[in-house]
Amino acid sequence: MSKVRDYFFIDIEHLGDKKLFPYHLFVYNPNSDSTSPFLKANTPLVKDKLDFLEFILSKGGRLAVDKRQKNTFLTTHSYKEDDIEDLQEKVHHLEEERERKIKELEKQTQILGEVKFKEELLGAIEDNDFSALIERVRLETDTFSVRVSHTVSLASYLCGILLREDNFINRIVAVSYYLAKNCDMKDEETLGDLICAAFFSHLGITQLDYKLGSKPHLEYNKAELKEYKKHPNLSHHLLTKSGVELSDRCMNIIFQHHERNDGSGYPMYKKGEHIDQLSLILGAVSHIFEYSQGKVTGTTTDLKTVIRNLKNKTFTAGLEFEFGDKIYESLTTIINTESNSDNAA
Ligand SMILES: [Fe+2]
């Protein structure tokens, strides 16, 4: 007797009018969860045998064919795999779960409307509350396909467990995500690379002197600045050593997130088209939030002022502008939706 996994089930009707088959027939006994030979290939299915088979089936038994004879069975009866229920490809439970989440998101979108990034971002800045934007990213990434890449699946997983509060890193993830979409980079692979890079880009800072974390960047002496500039490389190195499976593009975004369009960045002093646009997006968003929180100057600046100074290219100590025309324009267009009174402020 064999275990059932080596066989596929058929219905007696699948045999048609034929009485002779070029493949063996088996019967499955659910009580013992095993399969036994019933009729050898090329042996006629005589009436007695047919009666016995019908008796077995009436008691809950099942007719089965060895999977190694699948093609012989299909050819004999001119069937396709789709015609036999047991041969149809089963939908993975993660795919089923994804379908459910897509429907949930559609429902949410009907209630809340499509995400209007500019308005939502301005609202979040105004209220200093990014929780709605973060929540929308979590719902969207929850519907990412489970079959694109490991990085996409990891991005979806990280968002599912981490995007549940309004904090510094979640703001960077959410705003980077929508800024990329605003720049017409909307496919799951691209967004997955960006999300994982946003979560992991500062992993290397954990390896630096603790004091650097609490000191404004503008107050670093030469040696401290040199030390701080190692963090993109350290993040890349730690991730490589950890064995976490991340795409080459994601690793590249992490490595390049401090490169700037005019070559003033680090660690490789790359320029323009030699820098991945996603690195510039992550760099711009990280810089805006870091600047606002006082990590650059030691003084907090409200986000509106930071972005307005960026838009007007107002020289402000430590404020960077070199994120490339496309991203710069995308950022400043958002600010252009501010009311006149805000602009005059
Ligand atoms: Fe950084």
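Reader: Why does Phe 8 count as buried?
Author: Phe 8 counts as buried because its relative accessibility is 0%. Buried means under 20% relative accessible area, exposed over 50% and partly exposed in between, with a 1.4 Å probe and protein chains only. The model is predicted, so local features need pLDDT of at least 70 and side-chain atom pairs pLDDT 80 or more, while totals for chains, interfaces and linings use all residues. Residues are numbered from 1 along each chain as its sequence is written, and side-chain values use heavy atoms, without hydrogens or water.

Reader: How many aromatic pairs does the count come to?
Author: The count comes to 11 aromatic pairs (rings of Phe, Tyr and Trp, the last by its six-membered ring, with centres within 6.5 Å; planes under 30 degrees apart are stacked, over 60 edge-to-face, the rest tilted). One of them joins Phe 8 and Phe 73, edge-to-face, at 5.6 Å centre to centre and 65 degrees between the planes.

Reader: Which parts of the chain does that pair link?
Author: The pair links distant parts: Phe 8 lies in strand 2 (residues 7–10) and Phe 73 in helix 2 (residues 70–77), 65 residues apart. Helices (H or I, at least four residues) and strands (E, at least two) are DSSP runs numbered from the N terminus.

Reader: And is Phe 73 buried or exposed?
Author: Phe 73 counts as buried, because its relative accessibility is also 0%. Phe 21 and Tyr 23 form a tilted pair, 5.7 Å centre to centre with 35 degrees between the planes. Both Phe 21 and Tyr 23 are buried.

Reader: Which residues form one aromatic cluster?
Author: The cluster consists of Phe 8, Phe 21, Tyr 23, Phe 73 and Tyr 79.

Reader: Changing topic, where does the charged end of Lys 49 sit?
Author: The charged end of Lys 49 sits over the ring of Phe 38, 4.6 Å from the ring centre (NZ of Lys or CZ of Arg within 6 Å of the centre and within 35 degrees of the ring normal). Lys 313 likewise has its charged end over the ring of Tyr 328, 4.5 Å from the centre.

Reader: Which residues line the largest cavity?
Author: The lining comprises Leu 121, Ile 125, Phe 130, Val 175, Val 285, Ile 288, Phe 289, Leu 303, Ile 307 and Leu 331.

Reader: Which helices supply at least two residues each?
Author: They are helix 4 (117–127), helix 13 (277–292) and helix 14 (303–311). Helix 13 gives the largest share, 3 residues.

Terms used. On a 1 Å grid over the protein atoms alone, a cavity is a set of points where a 1.4 Å probe fits but cannot get out, and a pocket is an open set with protein on both sides within 12 Å along at least five of seven lines; lining residues have an atom within 4 Å of a point.
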